[in-house]
Amino acid sequence: MAGAALLSAVSVIPAHASVTAEGQFESHINSWRAGNESRRWWDNNDTSDYTGIYFSGCYADGGGGFNYAGLQLWKDISSAPDRSKGTRTNYCGWVDYGDPNDAGNYYFALTDVSHGTFISVDYVKVAW
Ligand SMILES: [Ca+2]
């Protein structure tokens, strides 16, 4: 019975939020506009976990409120142009970029705000 209880508990956790993720951090966004960048995180590529970005509690200053945010994942390369790992549209939930399969220093940038100029997000979780 203990095993069954454990399985049911694990099954409710999205794959990208798995407790086996290589790493994660939680944060928030306060009045970002297109071009703003997140903190950096180091992905040692020890696992095949997807890199995902979760938003909850989303606001925009435009009249229509928050609709979506374009989020581009980047590998920060100090001696050469940063390497794009794709852009996803976050509708105030999860987006994932697959497994970058490329050890390095990562960040995400806001590329597009659907309504208005600024967005704020109460809860941001990044896992990789
Ligand atoms: Ca990996």
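## Calcium site

Three protein residues donate to the calcium ion: Asn45 (OD1), Thr47 (O) and Asp99 (OD), at 2.3 to 2.4 Å from it. Donors here are N, O and S atoms within 2.8 Å of the metal, or 3.2 Å for Na, K and Ca. Water is not among the atoms, so sites may look incomplete. Along the sequence the donor residues follow the spacing N-x1-T-x51-D.

Asn45 is partly exposed, at 24% relative accessible area. Thr47 is partly exposed too, at 25%. The classes are buried (under 20% relative accessible area), exposed (over 50%) and partly exposed in between, with a 1.4 Å probe and protein chains only.

## Basis of the model

This is a predicted model, in which local features need pLDDT of at least 70 and side-chain atom pairs count only at pLDDT 80 or more, while totals for chains, interfaces and linings use all residues. Residues are numbered from 1 along each chain as its sequence is written, and side-chain values use heavy atoms, with hydrogens and water left out.

## Overall fold

The chain has one helix and eight strands. Read along the sequence, the pattern is α-β-β-β-β-β-β-β-β. Helices (H or I, at least four residues) and strands (E, at least two) are DSSP runs, numbered from the N terminus.

The chain has 128 residues, and 39% of them are buried. Its accessible surface is about 6800 Å². Carbon and sulfur atoms hold 50% of that surface. The areas come from the Shrake-Rupley method with a 1.4 Å probe; for residues, only the protein chains shown count as cover. Of the contacts with a separation of 6 or more, 79% are between residues 24 or more positions apart. A contact means heavy atoms within 4.5 Å.

## The four-stranded sheet

Four strands form an open sheet in the order β1-β8-β3-β6, with antiparallel pairing. β1 (24–32) and β6 (94–96) stand at the edges. Each has a single partner strand, so one side of each is left without a neighbour in the sheet. On average, neighbouring strands of this sheet are turned by 25° against each other, direction ignored. Axes are lines fitted to C-alpha atoms, for helices over the stretch in contact, and angles run from 0 to 180 degrees between N-to-C directions.

Strands count as paired if DSSP finds at least two bridges between them. β3 and β8 (residues 119–127) are antiparallel and share eight bridges. Within this pair, Ala60 stands opposite Ile119 of β8. On β6, strand β3 (residues 52–60) pairs over three bridges, again in the antiparallel sense. There, Gly52 has Asp96 of β6 as its bridge partner.

Strands β4 (residues 69–76) and β5 (residues 83–90) run antiparallel, joined by six bridges. Gly70 has Thr89 of β5 as its bridge partner.

Ser78 lies in the loop between β4 and β5. Its relative accessible area is 78%, so Ser78 is exposed. The C-alpha atom of Ser78 is 9.5 Å from that of Asn105, a residue 27 positions away along the chain.

## Disulfide

A search of the whole structure finds one disulfide. A disulfide is a covalent bond between the sulfur atoms of two cysteines. The cut-off for calling one is a pair of cysteine sulfur atoms within 2.5 Å. Cys58 and Cys92 form the bond, with sulfur atoms 2.0 Å apart. Their link is right-handed, with 90° about the S-S bond.

The pair links distant parts of the chain, 34 residues apart. Cys58 sits in strand β3, and Cys92 in the loop between β5 and β6. Cys58 is buried, at 15% relative accessible area. Cys92 counts as partly exposed, at 29%.

Asp102 is in the loop between β6 and β7 (104–113). With a relative accessible area of 16%, Asp102 is buried.

Leaving aside neighbours within four places in sequence, Asp102 contacts Asp43, Asn45, Lys75, Arg83 and Lys85. Among these contacts is Asn45, which is also a donor of the calcium ion.
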